[in-house]
Amino acid sequence: MKPIVTLVGRPNVGKSTLFNRITRSRNALVDNFPGVTRDRIYGQAVWNGVEFTLVDTGGFAEDDQDFFAGPIRAQIRQAVQDADVVILIMDGKGGVSPFDRDLMTVLRSSEKPVLYAVNKIDGEEQEERLYEFYSLGIDVPFPISAEHGYGVSDLLDELVSVI
Ligand code: GDP
Ligand code: MG
């Protein structure tokens, strides 16, 4: 079975934008027949010859208030449990949120490999948005722009080296 790579993060950080970029871009596309469950969207991808299933966990919540209500937390835990690798997406425009810290606690207790991506860094000139994320104790946060593609290939290079 292909490795399962699961995107997690607060609402509106750009999970679905990244999911679409990775599963639809010419480089990444193998086939695109996403199976939609109530809470997860699956797509197929390949990078540098490594195939994987990408999971978008969008749809759990509309906003941060819903996001850490009990049932949604349980859905996130389950999605993380089913993953081989997790990519935590954060919002470089909005900055560090207390919900990012909560989510990191969930991920650390899962003991799954995690990559950290700071999205909405739409070019090199916005890389200073990355620095406050070091306060989360992350060794290597990847600056990316899901919308424009900046940094995404570096993230995918790292991803396929750990799966
Ligand atoms: P999700 O809720 O995590 O799935 O987030 P979405 O993918 O739906 O994106 C939420 C909003 O952020 C949308 O308005 C996107 O256009 C915007 N967005 C996503 N990625 C980027 C990015 O790389 N740069 C900027 N500036 N905006 C982005
Ligand atoms: Mg979404």
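Which helix gives the most to the shell around ligand 1? Hold that thought for a moment. First, a caution: this is a predicted model.

Now the reply. Helix 1, residues 15-24, gives the most to that shell, with three residues. There are 15 residues around ligand 1 in total. Those that come nearest are G14, K15, S16, T17 and E147.

Next, the overall layout. The protein chain holds five helices and six strands. Read from the N terminus, the elements go β-α-β-β-α-α-β-α-β-β-α. The chain has 163 residues, and 35% of them count as buried. Residues 24 or more positions apart account for 66% of them.

The six strands form an open sheet with mixed pairing, in the order 2-3-1-4-5-6. Which strands stand at the edges? Strand 2 and strand 6, the latter at 141-143. Each has a single partner strand, so one side of each is left without a neighbour in the sheet. From one strand to the next, the twist averages 30°.

Let me walk through some of the pairings. A reminder first: strands of a sheet pair through backbone hydrogen bonds, either parallel or antiparallel. Start with strand 2, residues 41-47, and strand 3, residues 50-56. They pair in the antiparallel sense, over seven bridges.

Now strand 1, residues 4-8. Strand 1 pairs with strand 3 in the parallel sense, over four bridges. Strand 1 also pairs with strand 4, again parallel, over four bridges. In strand 3, the bridge partner of V5 is L54. In strand 4, V5 stands opposite V85.

Helix 3, residues 70-81, lies across strand 1, strand 3 and strand 4. Helix 3 runs at about 150° to strand 1. Helix 4, residues 98-110, lies across strand 1, strand 4 and strand 5, which covers 114-119. The angle between helix 4 and strand 4 is about 170°.

Last topic, the core. The largest nonpolar core has 36 residues. Which members touch the most other members? V8, V86, L88, I89, A117 and I144. Strand 4, residues 85-91, gives the most to this core, with five residues. Let's zoom in on V86. Leave out residues up to four places away in sequence, and V86 touches T6, V8, V80, L107, K112 and V114.

To wrap up, three things to look for on the screen. Find helix 1, which gives three residues to the shell around ligand 1. Trace the sheet in the order 2-3-1-4-5-6. Then pick out V86 in the largest nonpolar core.

Methods
Residues numbered from 1 in each chain as written. Chains lettered and ligands numbered in written order. Predicted model: local features only at pLDDT ≥ 70, side-chain atom pairs only at ≥ 80, totals over all residues. Near = placed C-beta within 6 Å. Helix = DSSP H or I, 4+ residues; strand = E, 2+ residues; numbered from the N terminus. Pairing = 2+ DSSP bridges. Buried ≥ 20, exposed ≤ 12 C-beta atoms within 10 Å, placed from the backbone. Contact = placed C-beta atoms within 7 Å. Core = buried A, V, L, I, M, F, W, Y, C linked by C-beta atoms within 7 Å. Axes fitted to C-alpha atoms, helices over the stretch in contact; angles between N-to-C directions.
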